[in-house]
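Please examine the structure shown below.

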Amino acid sequence: MSKNKAVFLDRDGVINPPVYNPVTQEYESPHYPEDYCVYPMVLKALRKLTDDNYRLFIVSNQPSYAKGKATLENLQAIERILSGYLSENGITIDKYYYCYHHPEGIVAEYSGECRCRKPGTLFLEDAVERFDLNSGDCWFAGDRDSDITCGKKMGMRTVQIKNKHAGNKAGKETPNAFASDIFEAAEIITGSECNEF
Ligand SMILES: [Mg+2]
Ligand SMILES: [Zn+2]
């Protein structure tokens, strides 16, 4: 059976917690591999979505290298930790999409406007085309308003995952649903609120 539906997942605040940065005194994306950890319910949530025939994609803005706050090597080491962990546990992510740009970055190569930074939809358009997805059967799950805006622009349904550190990056959008974590989001998306054995 072909799989024409997918769940697009934001990463930071959804798959892994944000990390406190003492320099900025804010919770941010992880900048060091040793700071990286994954929420405990992630595997169970992703299995539930896979069992319901959803393809999975991760779509993440990672501007910290462009802003001079992290090395690209460290950001990519973190990406390898996550992809290794998920594949070792039998989870297939059809594609990981990372945007390293920032409109006001200080690293020339990654600075300026781009179409891949959420709420830009370039990555979603690419996945829809490449995997022959029906946008109306897809979901976007993320913690920030930019995630919700991104999904809505593509005609996807959206679930916003509560993140107490989201600050002014959340609260202005209207998703289809709210969830307390990725597992509750998976329950909403699959329409089933208990685990099947
Ligand atoms: Mg996030
Ligand atoms: Zn970009």
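At what angle do helix H1 and helix H5 pack? The model is predicted, so local features need pLDDT of at least 70 and side-chain atom pairs count only at pLDDT 80 or more, whereas totals for chains, interfaces and linings use all residues. Residues are numbered from 1 along each chain as its sequence is written, chains are lettered from A and ligands numbered from 1 in the order in which they are written, and side-chain values use heavy atoms, with hydrogens and water left out.

Helix H1 (residues 42-51) and helix H5 (residues 182-190) pack at about 15°, and their axes lie 8 Å apart. Helices (H or I, at least four residues) and strands (E, at least two) are DSSP runs numbered from the N terminus; axes are lines fitted to C-alpha atoms, for helices over the stretch in contact, and angles run from 0 to 180 degrees between N-to-C directions. H1 and H5 are therefore roughly parallel to each other (an angle under 35 degrees). On the H1 side, Val42, Lys44, Ala45, Leu46, Lys48 and Leu49 take part in the contact, and on the H5 side Ile182, Phe183, Ala186, Glu187, Ile189 and Thr190 (heavy atoms within 4.5 Å). These residues comprise eight nonpolar, one polar and three charged; Ala, Val, Leu, Ile, Met, Phe, Trp, Tyr, Cys and Pro count as nonpolar, Asp, Glu, Lys and Arg as charged, and the others, Gly among them, as polar.

Which residues hold the zinc ion (ligand 2)? Its protein donors are Cys99 (SG), His101 (ND1), Cys114 (SG) and Cys116 (SG), at 2.0 to 2.3 Å. Donors are N, O and S atoms within 2.8 Å of the metal (3.2 Å for Na, K and Ca); water is not among the atoms, so sites may look incomplete. The zinc site is tetrahedral, with angles of 99 to 119° among the four donor atoms (for four donors, all angles between 85 and 135 degrees). The spacing of the donor residues in sequence is C-x1-H-x12-C-x1-C.

The magnesium ion (ligand 1) is coordinated at 2.1 to 2.2 Å by Asp10 (OD), Asp12 (O) and Asp143 (OD). Here distant parts of the chain are linked: aspartate 12, in the loop between strand E1 (6-9) and strand E2 (19-21), and aspartate 143, in the loop between strand E6 (139-142) and helix H4 (145-153), are 131 residues apart.

Two backbone features remain. The peptide bond from lysine 118 to proline 119 is cis, with omega near 15°. Glutamine 25 has a positive phi of about 60° although it is not a glycine, and it is found in the loop between E2 and strand E3 (26-28).

Definitions and conventions:
Angles under 35 degrees count as roughly parallel, over 145 as roughly antiparallel, 65 to 115 as roughly perpendicular and the rest as oblique. Four donors count as tetrahedral if all angles lie between 85 and 135 degrees; four count as square planar and six as octahedral if opposite donors are over 155 degrees apart and all others between 65 and 115; anything else is irregular.
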